[in-house]
Amino acid sequence: MRTALSSAAAPRASLDDLLAGLTRHGLEAVELRVSDGHAINAAASLDTLHAAAHALREARVRVASLLDDDGVPTEFALRAVRALDTQLVVGAAVSLYERLQRADAARAATMPVAVLVGGRQADTDARAVRAAGHRVVWEAHPDDAPLAEVCDRVIAASADALVGVRVCGGGPEGSLHEGRGIGALMARLAVAGFDGALILAPSDRKYHLLWESWLRRHGGWGCGGGAADPAERVRRTVPMVEEIA
């Protein structure tokens with residue numbers, strides 16, 4: 001699985017600042033949310049997109065996804081996902097019906113697309129997204145604990161359509177959510193052979209200063225532990241399955 005950081009962790013940060021923070025924490029990919037300060041938005045020119053793609057290549061960072069909560073024009077989304085070699089993720093700010101409509105429009109424009117699902121009904125929504133022929137990104141939030149149980153249901157509902165998991169509340173928030181099942185979630189994903197993007201994101205906007213400070217420091221990537229190497233973190237987490245099975 002590829003570890004990524006959402007730009008929602010530092011919504012005011014430039015792309016250069018995000019890339020520097022990713023390097024400090026050993027993360028290999030980034031989720032760019034359209035509304036954040038990295039300048040990849042509906043007003044971005046093709047030159048801006050190409051400059052961003054060059055900076056990403058230089059830093060050896062991939063774009064896990066372009067997260068759109070705002071309903072950006074299809075023309076911009078298509079230019080952006082092509083320039084950045086990524087997929088569009090239709091965010092959950094609107095109803096599932098509207099998300100599926102937007103995803104259908106993106107697919108009709110030959111754009112790689114996935115649909116975000118979350119909450120207690122995540123597995124039900126994931127099943128509907130998969131039935132519509134779209135890929136699934138699950139937003140795992142500590143308020144939806146026990147996350148291991150929700151994870152099992154989402155994996156069963158999504159099957160091979162699950163391409164990303166947004167882990168809200170990892171990183172510098174890890175100690176605030178002990179007992180909510182983030183570590184167990186990691187174990188479930190590892191045992192299931194999940195090989196998509198694992199995206200670290202804040203659980204609430206009120207923690208943005210905590211995340212911005214964390215991004216400026218050297219260290220591991222969190223999610224219930226301090227290992228700087230994501231592969232090592234997964235290896236440490238897998239034995240927990242025996243405890244929660």
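**View 1. W211 is a buried residue of the predicted model**. Relative accessibility at W211 is 0%, so the residue counts as buried. Its partner is W214, and the two form an aromatic pair. The structure holds one such pair. The geometry is edge-to-face, with 5.4 Å centre to centre and 75° between the planes. The angle is over 60 degrees, which is why the pair counts as edge-to-face. W211 and W214 sit three residues apart in helix 8 (residues 208–215), so about one helical turn separates them. W214 has 6% relative accessibility and therefore also counts as buried.

**View 2. Strand 8 (residues 197–201) is mostly covered**. Five of its five residues are buried. In a regular strand, side chains alternate between the two faces of the sheet. On one side of strand 8 are A197, I199 and A201. On the other are L198 and L200. Both faces are covered.

**View 3. Strand 8 pairs with strand 1 and with strand 7**. Strand 1 (residues 2–6) runs parallel to strand 8, and four bridges link them. In that pairing, T3 has L198 as its bridge partner. Strand 7 (residues 162–168) is also parallel to strand 8, joined by five bridges. There, G164 stands opposite A197.

**View 4. G164 is a buried residue of strand 7**. The relative accessible area of G164 is 1%, so the residue is buried. Which residues does G164 contact, leaving aside neighbours within four places in sequence? They are V136, V137, W138, F194 and A197. A197 is also the residue opposite G164 in strand 8. E139 lies 25 residues from G164 in sequence. Their C-alpha atoms are 8.5 Å apart in space.

**View 5. Helix 2 (residues 46–59) packs against helix 3 (residues 74–84)**. Two packed helices are described by the angle between their axes and the distance between the axes. Here the axes come within 9 Å and cross at roughly 30°. Angles under 35 degrees count as roughly parallel, so helix 2 and helix 3 are roughly parallel to each other. The crossing is right-handed. Helix 2 contributes L46, L49, H50, A52, A53 and L56 to the contact. Helix 3 meets them with F76, R79, A80, A83 and L84.

View 6. Is D85 buried or exposed? Its relative accessible area is 58%, over the 50% limit, so D85 is exposed.

**View 7. A159 has a positive phi in the loop between helix 6 (147–158) and strand 7**. A159 is not a glycine, yet its phi is about 55°. A relative accessible area of 37% falls between the 20% and 50% limits, so A159 is partly exposed.

Methods
Residues are numbered from 1 along each chain as its sequence is written. This is a predicted model: local features need pLDDT of at least 70, side-chain atom pairs count only at pLDDT 80 or more; totals for chains, interfaces and linings use all residues. Side-chain values use heavy atoms; hydrogens and water are left out. Buried means under 20% relative accessible area, exposed over 50%, partly exposed in between (1.4 Å probe, protein chains only). Helices (H or I, at least four residues) and strands (E, at least two) are DSSP runs, numbered from the N terminus. Two strands pair if DSSP finds at least two bridges between them. Rings of Phe, Tyr and Trp (its six-membered ring) pair if their centres lie within 6.5 Å; planes under 30 degrees apart count as stacked, over 60 as edge-to-face and the rest as tilted. Contact means heavy atoms within 4.5 Å. Axes are lines fitted to C-alpha atoms, for helices over the stretch in contact, and angles run from 0 to 180 degrees between N-to-C directions. Angles under 35 degrees count as roughly parallel, over 145 as roughly antiparallel, 65 to 115 as roughly perpendicular and the rest as oblique. A crossing is left-handed if the near helix is turned anticlockwise from the far one by less than a right angle, and right-handed if clockwise.
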